[in-house]
Every structure is written in structure tokens, then in C-alpha cells.
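Visitor: Hi! Could you walk me through this one? I'm new to reading structures.

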Amino acid sequence: MKTLPKSRSKKSAFLPAIFLAKAGEGRTITALKKGQPIFSQGDPSDSVFYIQKGRIKLTVISKRGKEATIALLGDGNFLGEECIAAAHLLRVASATALTPSSVLRIERDEMIRVLHEEKLFSEVFVAYLLARNARVQEDLVDQLFNSSEKRLARALLLLAQFGRDGAPETVIPKISQETLAEMVGTTRSRVNFFMNRFRKMGFIEYNGTLSIHSSLLNVILHD
């Protein structure tokens, strides 16, 4: 009796976590040192980056040369996703490693392909964009209606990832008061005043490393 050929094994299931963890066609992983740039404002926008570990700072420079920090991104965040909208765009911000980091670079064509072909990945990415959009709106409301003290408290809690899935990071990477001032929209002297106040009240520990306690939420909740 003739033996029938074995059927070819089915294509293995696509898992977004695996796709974002490994290099492959159209994907490369780069280890970054602290202070190393990923891309600069005005560079061609030809790829999306996924932060596997570390912290990345996004900054913009005005026509007058003034620099401002617009976001600090950590593990599980994307950056440079504006390239998906259209080809030949230019970067609207600069991205720099705030700590030693690892990022996955996904070429634009590969990102578009996987979004079209893999529904699960598309769902994950859309959910991320919606959450990011909500965060931008919250930042705007925070800037318009909250005091600089509350804005600083919120920025510190976000750095410690309070409110995200999983346990918060009570110890966060060292960050300069100048950067915090840029994020909050105030002066370094005001940031220094509030940081000392938070420390005296036991909300933070600030000695070489920065430790954030959940009690800092009291600053935001208190009217």
C-alpha cells in the first residue's frame, strides 16, 4: 500500500510578543547607551521603533532654538509611528536614550505589511494608539487646569508607571530637574522647591536615585 505524503505543517500562529522580541526580515535590534540618539528632528521618517527595555526621551526644538521635552517613554512603547501615515515624512521630534536601552527598529514597509496581514498585531497596535491618544489629552488637561506642583506629581507617577498593568517601578532612572521642568512647563527652581517639599512629606526619596511612593497621589487628589 502506497504511503500518502505527510501534510505540510500549518503556519505557526503569529504572536505579537514574539514579533516584537526578535530581529527578522525588516526588523533589527539596537542596544543603546545612555544619551545615544535614535533619530533627530528633521530626519527621514522611514521606520517605527519599539522599546524593549529602557527609557527614551522625546524632545522638540523650536525655530528659535528652544528645546522642550514632550514625552518620556518606557518598555512596551512605540515611537516614530507617524511614518505609517505617509512616506517621505520627516521626524517631528528627536528621540534619545535616557538610560541604557534596547529598541526594535521596524521598517515602514514591514510595519504596514504586518498591520495588514496580522489581525492580532493590528489590534494590539490600535489599542496602543488609543491609549497614547488618551494620554495626550490627559496631558493637555493637566497643562491647562492643574498647578505646576500637581503636574510634577503626575509626571513622577507616570515615570514610575503607576496605573499601568503590573507593579509600579518605585525606583525610576535618574532624571535631571531641567528635564522635569521642561515636561511640567515650569522653571528648574520651582521643580527643586516641589521636589524638596515632596521629600519632606515622605512622598519621594531623592538621593542619587529617585524612589516614588504611592502616597504622592495625595498631591493630585488634594484640592
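Guide: Happy to! Keep in mind that this is a predicted model.

Visitor: Okay, what angle do α4 and α6 pack at?

Guide: The angle is about 70°, and the axes are 10 Å apart. Angles of 65 to 115 degrees count as roughly perpendicular, so α4 is roughly perpendicular to α6.

Visitor: And which residues of α4 and α6 meet?

Guide: From α4 you have Ser148, Glu149, Leu152, Ala153 and Leu156. On the α6 side they meet Arg190, Val191, Phe194, Met195, Arg197 and Phe198.

Visitor: How many of those are nonpolar, polar or charged?

Guide: The contact of α4 with α6 has seven nonpolar residues, one polar and three charged.

Visitor: Switching topic: where is Asp142, and is Asp142 buried or exposed?

Guide: Asp142 is in helix α3, which covers residues 119-145. Its relative accessibility is 6%, and buried means under 20%, so Asp142 counts as buried.

Visitor: What is Asp142 in contact with?

Guide: If we skip neighbours within four places in sequence, Asp142 touches Arg151 and Arg154.

Visitor: How many bridges link β2 and β9?

Guide: Two bridges, in the antiparallel sense. To find the spot, look for Phe39, which stands opposite Ala95 in β9.

How values were computed: Residues numbered from 1 in each chain as written. Predicted model: local features only at pLDDT ≥ 70, side-chain atom pairs only at ≥ 80, totals over all residues. Heavy atoms only, no water. Helix = DSSP H or I, 4+ residues; strand = E, 2+ residues; numbered from the N terminus. Buried < 20%, exposed > 50% of the residue type's maximum accessible area, 1.4 Å probe, protein only. Contact = heavy atoms within 4.5 Å. Axes fitted to C-alpha atoms, helices over the stretch in contact; angles between N-to-C directions. Parallel < 35°, antiparallel > 145°, perpendicular 65-115°, else oblique. Nonpolar A, V, L, I, M, F, W, Y, C, P; charged D, E, K, R; others polar. Pairing = 2+ DSSP bridges.
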